[in-house]
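Student: I would like to go through the assignments in this model and ask what each one rests on.
Tutor: Go ahead; we will start with a strand pairing.

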Amino acid sequence: MERAVVQITLFGLLLALGTTLPNKDDWDIYSFHINSTVNSRYATTVITSRVANRMDVSKEIEFHVRIPKNAFISKFKMLIDGQEYDGVVKAKEQAKQQYAQAVSRGQSAGLVSSVGRTLEEFKTSVTVAAHKKVTFELTYEELLKRRLGKYELQIHAQPMQPVKDFKVDVYINENAGINFIEVKGGLSTNAMANAITKTHVDKQAWVYFYPTEDQQKTCDSCGDQGMNGDLVIVYDVNRDTSLGDIKRSAGYFVHHFAPSNLPRIPKNVVFIIDQSGSMHGRKITQTRIALIHILNDLAEDDHFGLITFDSDIFHWKRELVQANKENLNSAKTFARGITDRGATDINRAVLEGARMLNAHPREGSASILILLTDGDPTTGETNLERIHSNVRRVIADKFPLYCLGFGFDVNFEFLEKMSLQNNGVARRIYEDSDADLQLTGFYEEVATPLLTDVTMIYIGANNLTQTNFSLYYNGSEIVVAGQITDNEIETFTPQVIAVSTSKRVVFSETNTTVDSTGTMSDSHIQRVWAYLTVKQLLEKELQLSGPEKENVKNEALRLSLKYSFVTPLTSMVVTKPQGENTDVLHKPKEGERQTSGLPFGQPIGRLTPWTSLSGKGFSPASGSIPGPPVTRGQGFYTASGLLPGPPVAGGGLSTQGRGQFHTFGRVAFQDSGGIVPHLQRHQKRPKVDYADYDLMMPDYGGMGTGYAIVPTYKPTIAATDGGMGTQDLIVATYEPTIAATDAPLYHRFLLKTVNQSLPLCFDVSGDVGLKLLHHPNREMSVNGELDSVAHGGFKRIVIHVKPDQHIEVDTAGITVRDGQRVTSHTGQDLLTIGSVTVIRRNKEIDVAAEDSRMVILVQEKDGEEFLWPVLRQRPSDTSVTGILALKPAVYEEVQQTPITKLKINNQDISVTRSTAVDHSIVSSPTLDCWLLSAESALHRPLNDFIVSQI
């Protein structure tokens, strides 16, 4: 029997795409309803379409639905002649077998594809007997994201014909209260004004859209085929500086955190712009337009950098500068001159951008790295896994990386993984006329940081979604869900700790209410938790490998099946009347392009980490080629250890892969005052095979490593006159190697400066105890014991709260001594001891005491851990003493030759240029510094800072 194909296209949230029009005389959509319920930002949308076959023969009616990429389908059913046919969610591998069997029989199976910017398309079909009816009902769920201070629920409808019973019902219920609500979109026009009803009463709002058949044909985007447009419901909730809105019921909670009225944090931002040949034409033009617009939006207290790349790197300036008028005009001139050329060296570009941010630490600011590219890496390092590893190492969780993928030629999964591994997100920029607006729109979302180092704490809860966030931006929102332990709502205690500018802030009040424990409320909150958990597990799975990846994948699959979510790990098997084909609906990943005959979203010709090319090579940076270690007598000094004999300035240890070596820029001698003047003659560079090194890294030995560089082969003797008499020098002529030494142990400390180009640094010898922070007007004090394993840090830090209350921190955990009671803690619970609160989160211990905040970082080198304390918020009491209480140094450079002298506190101090590792930053960058004696740096004897017992 000949069967005609009838198409019904239902769009929920979205932009319309053209569809082949069916013959209207064959069928009749007599009812078309979209019902969306938003409860605490979680939207559940049900699309119901009722279709009558008006013909005298059976018809195959094909059902299309396009839903947001951010949504999960959770239910689908068809009702035919009183019989209900439900879709069943199964693991993808199980569904795949049914799919393959259907294809092998030449039968149609459910095809899936991504449509446009925000759509995914699912379709199925069913045969309807003559003069019979079918009802399709699809349910999908999504958590609305707050962007630029508002939520948007977008409902798009294109039923392909005027419908007698057409309506859209939207109900919004927000515990915090609805601040405003608006209805926008192409269907919200004067012609449709009386078809839209909006009601807003405190915490609730209703929007109804009931157009007549005539109105469905006369609106701006309508015609004889009916409506083709969208409604956009825009709203926000009431906000204050409290803990936010927490919805709780038996067993689960959801927390929405978006405080207002906070001061903006100045930002440091580096833009990395791809100018390779593939950016030719409109893409490069739109990039220039967007970049100039973004530069105009920078605040004067922002600092920024701008680099472009192809196979080479092009700097506007090599360091970050303030966003003043002169610099912005210069940067815009640079942006206008960006032209496309060359290949794509993503690895080198991102590492350079990260270097610029690492070299520009600024207290009370937030750093952001933004990459825009339209292709895969094609030159330099092209192995995707090594690029991921390199980028993770240099960023080291210190700032987020946002990747913008321009067009569909880009390997979006590569960018997404790189962003997620570095606390950022990836966003696709579509090649349309508004690409420049897409770019500026994304920037606006991250333009105004309000909080950094946000930690969400929930006492009495478990199975939490993500609780640590590097940044909170104005107009956004942080959402956390979890299970309440043993259903003890009374003991459930939430708290948020964060940094606003340079001050620690704690959010502990709440305007929340405890919802009733009705079945609907419980189910709703539980599903929000499941939705968030699955989303985050899928993101985590992308970042992992090996057994960890498999475990995360299995947990995401388990929850997807339990809650009937169609995710990239599951598929929906659509059951039909006996004798009909079985369809399989599958959710593709972002970037997959489906083609007929390629089941389950397999892309064509896509570059993956397993098919990418890789190359090896090394080009040392200027000034990084090793010079000779030089000694007088029996030994020599490196930045990482001291053997008998004078030090050599300018040393720096570089380690990576299979070898280690030192670089030496100067030869020097020690004068009677212990200061190192420079001598620059009779240097002979050792031969180094750079092929043995993948990448040069900064000096990580500047804080006392207990190793030294010695020549592999017999040294030669040279004589030189350095202005201090003839000296014998031992000059290495071959590649150096690593040798253990019994050198005295040195720890190098940095003393930051104000408005000076270089900080000061000084050395402390031995594994001594140091006074870190002492409050003379309080009982509290903090001491630290330097390690003796040459890691350059502390092995133990003790906080004395009162004479009988002490908190001891080491790399293994926290020990609290309260009188005779001793307790050990290794988890992330909040500890309160007197006026001091302590919480450990991964590699960081946060210590707060009244008006001061100290962070103890757990750093690592060569597999060994050590502690490094950082004072984030200085006490208001000016009488506080200790290493951490030292004020930023102020100096004036008064002499450069023959030795450098700085004027500090009206005294001329001889210094030498050296390097030190800044362990106050997670990534531990190596900084140039002026090296001087501890007494000169501290303005008093070092013994004043040494304690016999910590």
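**Pairing, disulfide and core**

Tutor: In this predicted model, valine 183 has isoleucine 233 of β15 as its bridge partner.

Student: What makes β12 and β15 count as paired strands?
Tutor: Pairing needs at least two bridges, and 6 bridges join β12 to β15 (residues 229-237), so the two strands pair; they run antiparallel.

Student: Why is β12 called an edge strand?
Tutor: The open sheet has the order β10-β15-β12. Both β12 (178-184) and β10 (151-157) pair on one side only.

Student: How do you know that cysteine 761 and cysteine 929 form a disulfide?
Tutor: Their sulfur atoms are 2.2 Å apart. The cut-off is within 2.5 Å, so the pair qualifies. By this rule the count comes to 1 disulfide.

Student: Why is the disulfide called right-handed?
Tutor: Because the torsion about the S-S bond of cysteine 761 and cysteine 929 is about 70°.

Student: Which strands hold the two cysteines?
Tutor: Cysteine 761 lies in β46 (residues 760-765) and cysteine 929 in β61 (residues 926-931), 168 residues apart.

Student: Why is cysteine 761 called buried?
Tutor: Its relative accessible area is 0%, and buried means under 20%, so cysteine 761 qualifies. Cysteine 929, also at 0%, counts as buried.

Student: Which residues have the most contacts inside the largest nonpolar core?
Tutor: Phe136, Ile172, Phe209 and Ile233, in a core of 56 residues. Strand β2 (residues 27-39) gives the most to this core, with 5 residues.

Key
Residues are numbered from 1 along each chain as its sequence is written. This is a predicted model: local features need pLDDT of at least 70, side-chain atom pairs count only at pLDDT 80 or more; totals for chains, interfaces and linings use all residues. Side-chain values use heavy atoms; hydrogens and water are left out. A nonpolar core is a set of buried Ala, Val, Leu, Ile, Met, Phe, Trp, Tyr and Cys residues joined through side-chain atoms within 4.5 Å. Buried means under 20% relative accessible area, exposed over 50%, partly exposed in between (1.4 Å probe, protein chains only). Helices (H or I, at least four residues) and strands (E, at least two) are DSSP runs, numbered from the N terminus.
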